[in-house]
Amino acid sequence: MLEMRPDCERCGTDLPAQNSGAFICSFECTFCTECADALDDVCPNCGGELMDRPTRAKRLHEKFPPSTERKFKG
C-alpha cells in the first residue's frame, strides 16, 4: 500500500491523498505537479521516473490512513 505522503518534498505544497496532482517515483518520493515539471519528471533523490500518484478515496482514509509525516525540509 502506498504511503500517500502529505506534501511535496521540494516546495512543501500540501498534497492530500484524495486529490490528483502528485507525482511519485518507485521509492514514493513525492512532488507536486510544478516541481515534477521543473525536475523534468526525474526524481532528484534516486534518478527514477516521476509518475502520476493515484488518489485514495476519502472514505477509505480511516481504514487505510495516508501518511502524516511531512518530508519538506524547508
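In this report, two residues are in contact when they have heavy atoms within 4.5 Å of each other. By that rule, residues 24 or more positions apart account for 54% of the contacts in the protein with a separation of 6 or more.

Welcome to this structure. It is a predicted model, in which local features need pLDDT of at least 70 and side-chain atom pairs count only at pLDDT 80 or more, while totals for chains, interfaces and linings use all residues. Residues are numbered from 1 along each chain as its sequence is written, and side-chain values use heavy atoms, with hydrogens and water left out.

**The overall picture**

The protein has one helix and three strands, and along the sequence they follow the pattern β-β-α-β. Here helices (H or I, at least four residues) and strands (E, at least two) are DSSP runs, numbered from the N terminus.

How does the radius of gyration agree with that of a compact globule? With 74 residues, such a globule would have a value near 11 Å, and the protein has 12 Å, which agrees. The radius is taken over C-alpha atoms, and the globule rule is 2.2 Å times the number of residues to the power 0.38. Along the principal axes, the C-alpha atoms fill a box of roughly 35 × 25 × 20 Å.

The protein exposes about 4700 Å², of which carbon and sulfur atoms supply 49%; accessible areas come from the Shrake-Rupley method with a 1.4 Å probe, and for residues only the protein chains shown count as cover. Of the 74 residues, 36% count as buried. Buried means under 20% relative accessible area, exposed over 50%, and partly exposed in between (1.4 Å probe, protein chains only).

As for charge, there are 10 positive and 13 negative side chains, and the centres of the two sets lie 8 Å apart. Lys and Arg count as positive and Asp and Glu as negative, with His and the chain ends not counted; each charge is placed at NZ of Lys, CZ of Arg, CG of Asp or CD of Glu.

**The nonpolar core**

A nonpolar core is a set of buried Ala, Val, Leu, Ile, Met, Phe, Trp, Tyr and Cys residues joined through side-chain atoms within 4.5 Å. The largest one has 13 residues, and Cys8, Phe31, Cys43 and Leu50 touch the most other members. Strand 1 (22-24), strand 2 (30-32) and helix 1 (33-38) each supply at least two residues of this core. Beyond residues up to four places away in sequence, Cys8 touches Thr13, Leu15, Thr30, Phe31, Cys32, Cys35 and Phe72.

**Some residues to look at**

| Residue | Relative accessible area | Class |
|---|---|---|
| Met4 | 3% | buried |
| Arg56 | 10% | buried |
| Leu60 | 29% | partly exposed |
| Asp41 | 30% | partly exposed |
| Arg70 | 41% | partly exposed |

Arg56 sits in the segment after strand 3 (51-52). Leaving out residues up to four places away in sequence, Arg56 touches Met1, Leu2, Met4, Ala17, Gln18, His61, Phe64, Pro65 and Pro66. Arg56 and Pro66 are ten residues apart in sequence, and their C-alpha atoms are 8.3 Å apart in space.

Leu60 is also found in the segment after strand 3. The C-alpha atoms of Leu60 and Gln18 are separated by 9.5 Å, although the two are 42 residues apart along the chain.

Arg70 has its place in the segment after strand 3 too. Apart from neighbours within four places in sequence, Arg70 is in contact with Pro6, Asp7, Gly12 and Asp14. Arg70 and Pro54 are 16 residues apart along the chain, with 18 Å between their C-alpha atoms.

Finally, a word on backbone angles. Most residues other than glycine have a negative phi. Met4, in the segment before strand 1, has a positive phi of about 60 degrees although it is not a glycine. Asp41, in the loop between helix 1 and strand 3, has a positive phi near 60 degrees.
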